[in-house]
Amino acid sequence: MNQASPSTVLPDAALALRPSACPGLLRIVAARDGGICRIKLPGGELSAAQAIAIAEASTRHASGVIELTNRANLQVRGVHAVQGGHETALIAALVDAGLGPAVGPIPANAAVDAAGLLLATSADDVRNVMVSPTAGRDPFALFDTRPLCTELLALLQTEARFAALSPKFALLLDGGERLARVDHPHDVWLAATQADDGVRFVFGLAGCPAGETNAKPGALGAVLPTQVTGLVRALLHTFLDLAAADATRMRHLLTAHSIDAVLQHARQYIDFPLSRDASLAHWQRGTPADATLRLGAHAQRVVGLQHAGGQPPLGRLDAATLHRLAKLSQQHGNSTLRITPWQSVLLPDIAANHAAAVLAEMNALGLACDPAQPITHLIACAGSTGCAKSLADTKADALLLANRLPAGVDVHLSGCPRSCAAVYCAPYTLLATAPGLYDLYRRNGEPDFGSCVAHQLTIEQAADMLDSLAHPARSPLDA
Ligand code: SF4
C-alpha cells in the first residue's frame, strides 16, 4: 500500500477534531430520560460476557433500558446524573469489558489529560463500518467480510488524521449476503461481486449498492479484496484533503467536486490503478437482500447450524432480557450476539435441533420472531418521553398502531423532522404535529419523507388511511 502523506498535514489531529452532539461511549449526552451512552460494536458483534457486563452496568448506573440502534450498535439510556459518579463508573465498566475504542489506556480524568480523552473519544466516534449480521455465515455470501471489517476498524482508529471525520461518517462493506441492510446511504460503500477470475469489490460514494428500492444502479469501479483497505484509506484522505470546513459527509464533498476529480486525487495514496469503469454503470447486486431473514431460524453456511433472530418491540429491551439472551447464546450458540441494523438481535451457531427451543425462549422474552407480527414493521424514535424535541410519544403511539396495522405495511413514527429512527426513507412516515397527532407521508422518490398525503391524523385515523393506501382496490363493503 502506498503510504503517501496527506497533502494537508495536520500537526495534531486533536486540533482538527469536530465537535459533536452525538452520544458515544466516552461522551454521554443528556436526554429527557437521563444520559445516553452509545456503545459501538465491531460488525454489530458482542460476546455474551460483554452483553452481561452491559446489562449489569445499565442496572447499576442507568435506568436499565437498552436500545438497539439502526447502525447495529447498542445504547444505554437513562444514565444517572453525573454527581453520583455514575457516568464515570459506567464508562469504566464498559471499557473494562473491552467495549472501548482500540487506543492506549483511556484517560479517566479529562482535567488531567484532556487531549488524550479527546483523541480516545474520536477513535470511538469513527468506528462506523457496517457489515451483514450474517457475515461469514450466510450461505449466499461471496466473501467473508469479517477480516476486512476488522482491518478497516483498525485503520479508522489508528490513523490519527481520521479522528477529524464526523461521527456520522460511515462505511458499508457488503459481502453479498441475503441478510444485508443495503438501503442505508453510506459515505463509502463496497460490495462483493463475482468476476470471471474471482471476487472483486465494486464501490461507490454517498449511496448504497444498487438492487434495493432506494438505490440507483451503478458502481464507480472495482478493486481486489486485498486492495479494499488501501482504497478506503485513499478515499478518506481525499475527503479530508478536499472537504470544506463545514462539509462533514461525502455527499457534501460531491456538491463541490466531481467524482472523477475525487478519484484522481485519491490515486496519490495508492499503488494500484484506480479509474472509473464505465462497464459498471449498470451494476446491481446479484443476490436480492431479504430483511425477513433477521427473524426466526435460518440455515447458515455450515450444515446443521442456524441463526435464531428476534426483534424487541421498537428496538428496546431491558437489562434482564439482554442478560437472558446472553445466557441463551452461551447455552445454545457460540457465546456471541449479533445486533442488526433493523434493531434486532441474532444468536448465531445454534444447532438446528435446538433452534425451535431458542426461538420459543426469545418469544417468551417478548421478542418478535415472525415477520408476520406487525410490530416488526414499525420503527419509532425516542419520542417525548426521551427527547425534548418530540411533539408526541412516538413509542406509545407505535404500540397502539401495531394493534391495527395492515399486514406488510412498514411505518416510521418520528417525533420531529430529524428522523433519528430511520436513515433511509420508509414507505410511510408519520410525523408528529402534536401529542397523538401526525401528518402522514408516503415515499415517492422525493427527498426526506416523500409526499404528505394527510394531515393531523389520530393513530386510529392513520391506521384506516394506511389500510386504504395499501389496499386501494378494497371496497368499504369488504369486511
Ligand atoms: S427524531 Fe426528533 S423527536 Fe425523535 S428522537 Fe430524534 S430529535 Fe428527538
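This report covers one glutamine, the surroundings of the ligand and the cavities of the structure. The model is predicted.

Helix 1 spans residues 48-61 and includes Gln-50. Gln-50 has a relative accessible area of 16%, so it counts as buried, the cut-off being under 20%. Its side chain reaches the backbone oxygen of Gly-98 at 3.4 Å. Apart from neighbours within four places in sequence, Gln-50 is in contact with Ala-97, Gly-98 and Leu-99.

Around the ligand lie Cys-381, Ala-382, Cys-387, Lys-389, Ser-390, Ser-414, Gly-415, Cys-416, Arg-418, Ser-419 and Cys-420. By class, this shell holds five nonpolar, four polar and two charged residues.

Rolling a probe the size of a water molecule over the atoms shows where empty space is left. The count of cavities of 30 Å³ or more is three. Among the 15 residues lining the largest cavity, Arg-71, Asn-73, Asn-128, Val-129 and Met-130 are the closest to its centre. The second largest cavity has a lining made up of Met-130, Val-131, Ser-132, Pro-133, Leu-172, Leu-173, Asp-174, Glu-177, Ala-180, Arg-181, Val-182 and Pro-341. Strand 7 (residues 171-174) gives the largest share of that lining, three residues.

| Cavity | Volume | Lining by class |
|---|---|---|
| Largest cavity | About 140 Å³ | seven nonpolar, five polar and three charged residues |
| Second largest cavity | About 50 Å³ | eight nonpolar, one polar and three charged residues |

Notes:
Residues numbered from 1 in each chain as written. Predicted model: local features only at pLDDT ≥ 70, side-chain atom pairs only at ≥ 80, totals over all residues. Heavy atoms only, no water. Helix = DSSP H or I, 4+ residues; strand = E, 2+ residues; numbered from the N terminus. Buried < 20%, exposed > 50% of the residue type's maximum accessible area, 1.4 Å probe, protein only. Polar contact = N/O pair within 3.5 Å; in protein donor to acceptor, adjacent residues only side chain to side chain. Contact = heavy atoms within 4.5 Å. Near = heavy atom within 4 Å. Nonpolar A, V, L, I, M, F, W, Y, C, P; charged D, E, K, R; others polar. 1 Å grid on protein atoms, 1.4 Å probe; cavity = no way out; pocket = protein on both sides within 12 Å on 5 of 7 lines; lining within 4 Å. Points joined across faces, edges and corners; volume = space filled by probe spheres on them.
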